[in-house]
Amino acid sequence: MKICVIGSGYVGLVSGACFAELGNNVTCVDNKLNKINNLKNGVIPIYEPGLDELIIRNFEQKRLQFTTNISKSIKKADLIFICVGTPTKTKSNEADLKYVFQVVKIIKKNLNKYKIIITKSTVPVTTGDKIQRLLTTKTNKKLFEVVSNPEFLREGEAIRDFMFPDRVVVGTNSKKANNILKNLYSPIIKKKGIYFNTSRRAAEVIKYAANAFLATKITFINEISNLCEKLKVDVTDVSIGIGADERIGSRFLRAGPGYGGSCFPKDTRALVSTSKKFKTNLSIVNSTIHSNDNRYKYLLTRIKQILNNKLKSKKITFLGVTFKAGTDDMRDSASLKLIPYLVKKGSKVSYYEPTGIKNEFDKKKVFYFNNIKDACKNSDLLIIHTEWNEFKQLNFNWLNNKKKLKIYDLRNLYSPAKMKNKNIEYFSIGR
Ligand code: UDX
């Protein structure tokens, strides 16, 4: 199949490179010339393990091209994947679809043969209907289908999630389009997972409902962890005990600093915004948003307790500041709320981050170190913020400076029992 992927960002590049890896002829389009030129030179604009070699290999095999010429790519293509950004509107919780509709207008001018237009970007429910209306003229009804094919890619695991999905969801009532998409995904479905065809709107709901449910599941265990701290119960035992029930499932039950990233915060808000439009109250998703937005306050209370309510002049070191391990993405990371507060209260905050220095922090007030040892020197409190492997076997002799080191482990990487034997006061989540 000749595939055109519009939008060479996170979803577009991963999807385009994986479709090429499966033997398709793929053109990734973007309106930023420098990004396209960099991609042609093997310079990949996003941090995603394994993506650079996948792109370089398929580019060299000429299965994957990059261009800014959107009209030519659309004309050539059989399948057009819309992978442009759908950021949250500043004044509301709605997804901003301006980029999507800009692309649709260009597609409309280039419908030279039958094409399937597929939304892979996360778009609000009924967007497919709007796109269909925008594209339709008196003469071109049979020249296209608009299909929803949401992605379920986690940052840091995107290639694996694409190549080994639990399910491929394709929203269309067109038998022809469904057969073409089923054929496109057949090499992946053979390995694992299911191919699920449903209506276009149902596919759009599935994307939002999946993310909202996962965000709710995480928030649920985070709140249970607060209770566990009061009851002196280990929340990781509770996660195991309930997760063993197949109706619950053991994944996404790790208590932590709250969810962040480019999807859960955005998609939960967009889903609530859609529900309001259709006069439906999603009270549970609303509670999830509220609970997660306020989780940092609970963590700050614990930090104050750990430091005997003395934050001023205390040296606090963060290990990791991104929203999770395996990514360089800072969007909605808990550190963006924790660190500015601590600095404002007079703490001296330093951090080590595997993906490098972050511009989100004022370099004059928050100090980046390119190694763990220097970052932790003379620390009063070490906060393990993300679960990078390099944080799982810390050399505590290194870290044990003159002061009695305290560790607040937001990812429960260590066992409290083992930490008792070292000259370290160890605190964690839900334990
Ligand atoms: C998520 C969805 O998983 C993915 O299917 C969707 O396509 C995009 O959004 P992503 O945001 O990249 O992926 O990361 P994910 O691994 O889902 O983690 C999201 C947040 O939840 C992170 O802040 C992570 O630290 C947190 N999390 C995840 C927990 O706190 N506990 C868990 O058990 C799992």
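A residue is called buried when its relative accessible area is under 20%, exposed when it is over 50% and partly exposed in between, with a 1.4 Å probe and the protein chains only. By this definition S262, at a relative accessible area of 17%, is buried. The model is a predicted one, in which local features need pLDDT of at least 70 and side-chain atom pairs count only at pLDDT 80 or more, while totals for chains, interfaces and linings use all residues. Residues are numbered from 1 along each chain as its sequence is written, and side-chain values use heavy atoms, with hydrogens and water left out.

S262 is placed in the loop between α10 (235-243) and α11 (264-277), where helices (H or I, at least four residues) and strands (E, at least two) are DSSP runs numbered from the N terminus. When residues up to four places away in sequence are not counted, S262 touches E155, D329 and R331, contact being defined as heavy atoms within 4.5 Å. With E155, the side chain of S262 also forms a polar contact of 3.3 Å; such a contact is a pair of N or O atoms within 3.5 Å, of which, within protein, one must be able to donate a hydrogen and the other to accept it, and residues adjacent in sequence count only if both atoms are side-chain atoms.

Oxygen atoms of the ligand lie 3.0 Å from a polar side-chain atom of K207, 3.5 Å from a polar backbone atom of L253 and 3.1 Å from a backbone N or O atom of F323. Of the 650 Å² of accessible area that the ligand has on its own, the protein covers 96%, as given by the Shrake-Rupley method with a 1.4 Å probe.

In helix α10, the buried residues are V235, S239 and G243. Seen down the axis of α10, these residues fall within an arc of 65°, so they line one face of the helix, the arc being that of the directions from the helix axis to the C-beta atoms. The other side of α10 carries the exposed residues D237, I240 and G241, whereas the cover of the buried residues includes α9.

A corresponding description applies to helix α5. Its twelve residues (98-109) should span 16 Å at 1.5 Å a residue, and the end C-alpha atoms are 17 Å apart, which agrees; the expected span is 1.5 Å times one less than the number of residues. Buried in α5 are V100, F101, V103, V104 and I107, which fall within an arc of 155° when seen down the axis, so they line one face of the helix. These buried residues pack against β1 (2-6), α4 (70-76), β4 (79-82), β5 (115-119) and α6 (127-135), while K105 and K109 are exposed on the face turned away from the buried side.

K304, in helix α13 (residues 295-306), counts as partly exposed at 26% relative accessibility. Beyond four places in sequence, K304 touches N309, L311 and Y341, and its side chain makes a polar contact of 3.0 Å with the side chain of Y341. The C-alpha atoms of K304 and E204, 100 residues apart along the chain, are separated by 43 Å.
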